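Hi everyone, thanks for coming along.

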Amino acid sequence: MTLYTQQSKNVTKTWFLMSIFFIIVISFGWFFSFYYSNPNILYFFVIFSILMNFFSYWFSDKIVLKIAGAKEAKREEYFDLYTSVENLSITAGLPMPKVYIVADNAPNAFATGRDKNHAVVCATTGLLSILEKNELEGVIAHELSHIGNRDMLLSTVVVVLVGFITIIADVFTRSLFFGGFSKGRDSDSKGGNILMIVGIILSISAPIFAILIQLAISRKREFLADASGALLTRYPEGLANALKKISQYSKPMAHQSSAIAHLYIADPRPHDSRQHVGQAKGSKFGKKISNFFATHPPIEERIKALIN
């Protein structure tokens with residue numbers, strides 16, 4: 001599989017997922033409008049979902065950087081980081097992305113932006129303090145691979161739409177508790193009760209389904225970026241050693257959000273997959289469940305894939 005094949009696949013996946021989420025949103029809108037006999041509700045859902053897609057595409061990098069608390073990195077102050085991004089961008093045949101820094105002791109990094117011409121690479125101060133130059137280059141190559149593979153657009157679209165669906169489901173559920181169903185179509189009839197049950201099932205299952213898609217995509221893209229980054233530097237041990245050091249830092253990031261957790265090279269939250277490295281605690285079943293709902297594959301598996 002070539003880089004261009006992967007790029008094409010990610011673009012196809014993006015449009016496919018946008019279509020799936022759009023269908024889910026329209027389903028919510030249709031149900032609301034039918035139950036409350038108000039077609040304006042459906043129109044609102046359609047218009048708002050289109051605006052959300054547009055907004056997430058054009059302003060995704062600004063949203064992510066704001067949530068992360070990132071600031072632009074000056075070449076003079078962060079020379080090693082800046083030159084690593086610059087040199088590896090030339091090697092990868094990519095435009096030089098903007099370089100940002102997050103003042104946080106936890107070692108981590110991420111890439112964002114809608115395409116290679118509007119990309120951002122961001123690292124924490126903690127990452128710069130513990131990595132050797134070849135290890136830092138391994139991390140940067142990983143993030144540039146996300147840019148080259150066009151992972152960022154796919155991930156950002158999923159984030160925004162998952163959040164939108166979750167909000168809609170929450171609104172629908174709250175309407176149940178605050179007596180919204182009593183005002184619905186034929187609320188005392190058998191048909192009204194069936195509609196209520198369908199609505200509850202939809203409001204519960206849709207966010208779960210959306211989040212599972214998000215997690216599955218995130219885990220797969222990390223393995224791909226690891227492999228692509230290793231090919232870019234021709235030194236997989238650099239990234240493997242960086243991941244090992246990152247996994248040994250036990251504290252979560254001070255500025256972290258579940259909304260963008262999957263963008264980082266390692267989960268910034270307390271229940272990070274890095275906790276599994278070198279540990280035998282917990283049952284195998286428990287680890288499988290934990291890994292299934294994790295934003296990243298276990299770091300031990302990523303290291304193994306790089307050095308074997």
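Before we start, one term: when I say two residues are in contact, I mean that they have heavy atoms within 4.5 Å. Please also keep in mind that this is a predicted model.

With that term in hand, let's go to glutamate 222. Leaving aside its neighbours within four places in sequence, glutamate 222 is in contact with His142, His146, His262, Tyr264, Ile265, His296, Pro297 and Arg302. Where does glutamate 222 lie? You'll find it in helix α7. Is it buried or exposed? The cut-off for buried is under 20% relative accessible area, and glutamate 222 has 0% relative accessibility, so it counts as buried. Its side chain makes a polar contact of 3.4 Å with the side chain of histidine 146. There is also a polar contact of 3.3 Å between the side chains of glutamate 222 and arginine 221.

How many aromatic pairs does the count come to? The count comes to one. The ring centres of phenylalanine 110 and tyrosine 264 are 5.0 Å apart, and their planes stand at 70°, so this pair is edge-to-face. Phenylalanine 110 sits in strand β3, while tyrosine 264 is in the loop between α8 and α9 (284–292), so the pair links distant parts of the chain, 154 residues apart. Phenylalanine 110 counts as buried at 0% relative accessibility, and tyrosine 264 is buried too, with a relative accessible area of 1%.

Strand β3 brings us to the sheet. What is the order of its strands? This is an open sheet of four strands, in the order β1-β2-β4-β3, with mixed pairing. β1 (71–72) and β3 stand at the edges with a single partner strand each, so each has one side left without a neighbour in the sheet. β2 and β4 are paired in the parallel sense, over five bridges. Within that region, isoleucine 101 has alanine 123, in β4, as its bridge partner.

Now for the helices that lie across these strands. Helix α2, residues 39–68, lies across β2, β3 and β4, and runs at about 155° to β3. α3 lies across β2 and β4, at about 145° to β2.

Let's turn to the nonpolar side chains. In soluble globular proteins, nonpolar side chains tend to be buried together. Here, the largest nonpolar core has 34 residues, and Leu81, Leu127, Val139, Ile140, Leu144 and Ile147 touch the most other members. Elements giving two or more residues to this core include α3 (79–92), β2 (98–102), β4 (120–124) and α7 (190–233). Which element gives the most? That is α5, with six residues. As for isoleucine 147, leaving aside its neighbours within four places in sequence, its contacts are Leu94, Pro97, Ala111, Lys116, Ala119, Val121 and Met152. There is also a second, separate core of 14 residues, including Val64, Leu65, Met253 and Ile260.

One last stop, for arginine 234. This residue lies in the loop between α7 and α8. Arginine 234 has a positive phi of about 60°, although it is not a glycine. With a relative accessibility of 68%, arginine 234 counts as exposed, whereas glutamate 222, where we began, counts as buried.

Methods:
Residues numbered from 1 in each chain as written. Predicted model: local features only at pLDDT ≥ 70, side-chain atom pairs only at ≥ 80, totals over all residues. Heavy atoms only, no water. Core = buried A, V, L, I, M, F, W, Y, C linked by side-chain atoms within 4.5 Å. Buried < 20%, exposed > 50% of the residue type's maximum accessible area, 1.4 Å probe, protein only. Pairing = 2+ DSSP bridges. Axes fitted to C-alpha atoms, helices over the stretch in contact; angles between N-to-C directions. Polar contact = N/O pair within 3.5 Å; in protein donor to acceptor, adjacent residues only side chain to side chain. Phe/Tyr/Trp six-rings, centres within 6.5 Å; stacked < 30°, edge-to-face > 60°.
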